[in-house]
Amino acid sequence: MNLKINRQIVLDTETTGINKFGVHYKNHRIIEIGAVELINRRLTGNYYHTYIKPNCLIDIEAYNIHGISDSFLVNKPTFNEIFNNFLNFINNSELIIHNAPFDVGFINQEFYFLEQEIENINISHSIIDTLLIARKLFPGKRNNLDALCKRYQIDNSKRTVHSALLDAEILAKVYLAMTGGQTSMVFYMKNEIKKNSSLKIIQKILPINIQKKTKIIYANDKELLMHTLYLDSIIKQNKKCLWYELIKNN
């Protein structure tokens, strides 16, 4: 049975500078890259992480965000030394980035400084901007990573400062929660139970006009496997899946 492999890379960077609008800031450089791998919406444990010597000073505003100092980066590799490994890791994958124009702008600038014929990352790869997804789901609300973690009940207690690898791992969980559908259902159920204390159980309701001769089309092996993988991802993110409980009890 051949299943399609959907490979996605959740990516984050830290830089020597950032402006107040949170967009790409010219004349500053990338100092850290963190990326984690998703295969068919599941974290694999495979990741890429490196610190980079930028050959320029870090702004105090940026240092206050990520805590990475100039002295820490003195003996780290340059972007020229790491870019092949970076490109190999993200090859043949869709990229997931929060506020993508910021990271994409810096990566493309690093490519430009290499003076090699490297295609801009937004041309060579499909990119999902999770900030745009969040703004559509929660218009007018704060949609930074901390706010989304609180909204989706994702533990970010280790995030005392910005860290590219840690932020990529957290963003992966946020992305799966935002696009999985289960979390919003849990929020809805909790709100309904609070409003109506008599609502203690979820009843399984079947249509009353089902004809005896209705043709039943059963899922094939591939569809059953994909469904199981999807339920597993919901359980991993939410520790509980209502549909799995219904299937198990029937």
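User: Does Glu 110 count as buried or exposed, and at what relative accessibility?
Analyst: In this predicted model, the cut-off for a buried residue is a relative accessible area under 20%. Glu 110 falls under that cut-off, so the residue counts as buried, at a relative accessibility of 2%.

User: Where does Glu 110 lie, and which residues is Glu 110 in contact with once its neighbours within four places in sequence are left aside?
Analyst: Glu 110 is part of helix 3. When its neighbours within four places in sequence are set aside, the residues in contact with Glu 110 are Arg 29, Ile 30 and Phe 79.

User: How many of the residues of helix 3 are buried?
Analyst: The buried residues of helix 3 include Ala 100, Phe 102, Gly 105, Glu 110 and Leu 114. They pack against several elements, among them strand 1 (7-15), strand 2 (30-39) and helix 2. Helix 3 is mostly covered, and the number of buried residues among its 15 is 12.

User: What span should the 15 residues of helix 3 have, and how far apart are its end C-alpha atoms?
Analyst: The expected span is 1.5 Å times one less than the number of residues. For helix 3, which covers residues 100-114, this gives 21 Å, and the model agrees, because the end C-alpha atoms are apart by 21 Å.

User: Which residue follows helix 3, and what is its phi?
Analyst: The residue that comes after helix 3 is Glu 115, and its phi is positive, with a value near 55°.

User: How many aromatic pairs does a search of the whole structure find, and why is the pair of Tyr 51 and Phe 72 edge-to-face?
Analyst: The search of the whole structure finds 7 aromatic pairs. In the pair of Tyr 51 and Phe 72 the ring centres are 4.9 Å apart, and planes over 60 degrees apart count as edge-to-face. The pair is therefore edge-to-face, with its planes at 85°.

User: Which parts does the pair of Tyr 51 and Phe 72 tie together, and how many residues apart are they in sequence?
Analyst: Tyr 51 belongs to strand 3 (residues 42-51), whereas Phe 72 is in the loop between helix 1 (60-66) and helix 2 (79-90). Tyr 51 is partly exposed at 24% relative accessible area, and Phe 72 is partly exposed at 36%. The pair therefore ties together strand 3 and that loop, in parts whose separation in sequence is 21 residues.

User: Which residue has its charged end over the ring of Phe 89?
Analyst: Phe 89 forms one aromatic cluster with Tyr 48 and Phe 86. The charged end over the ring of Phe 89, 5.3 Å from its centre, is that of Arg 7.

Note on methods: Residues are numbered from 1 along each chain as its sequence is written. This is a predicted model: local features need pLDDT of at least 70, side-chain atom pairs count only at pLDDT 80 or more; totals for chains, interfaces and linings use all residues. Side-chain values use heavy atoms; hydrogens and water are left out. Rings of Phe, Tyr and Trp (its six-membered ring) pair if their centres lie within 6.5 Å; planes under 30 degrees apart count as stacked, over 60 as edge-to-face and the rest as tilted. Helices (H or I, at least four residues) and strands (E, at least two) are DSSP runs, numbered from the N terminus. Buried means under 20% relative accessible area, exposed over 50%, partly exposed in between (1.4 Å probe, protein chains only). A charge sits over a ring if NZ of Lys or CZ of Arg is within 6 Å of the ring centre and within 35 degrees of the ring normal. Contact means heavy atoms within 4.5 Å.
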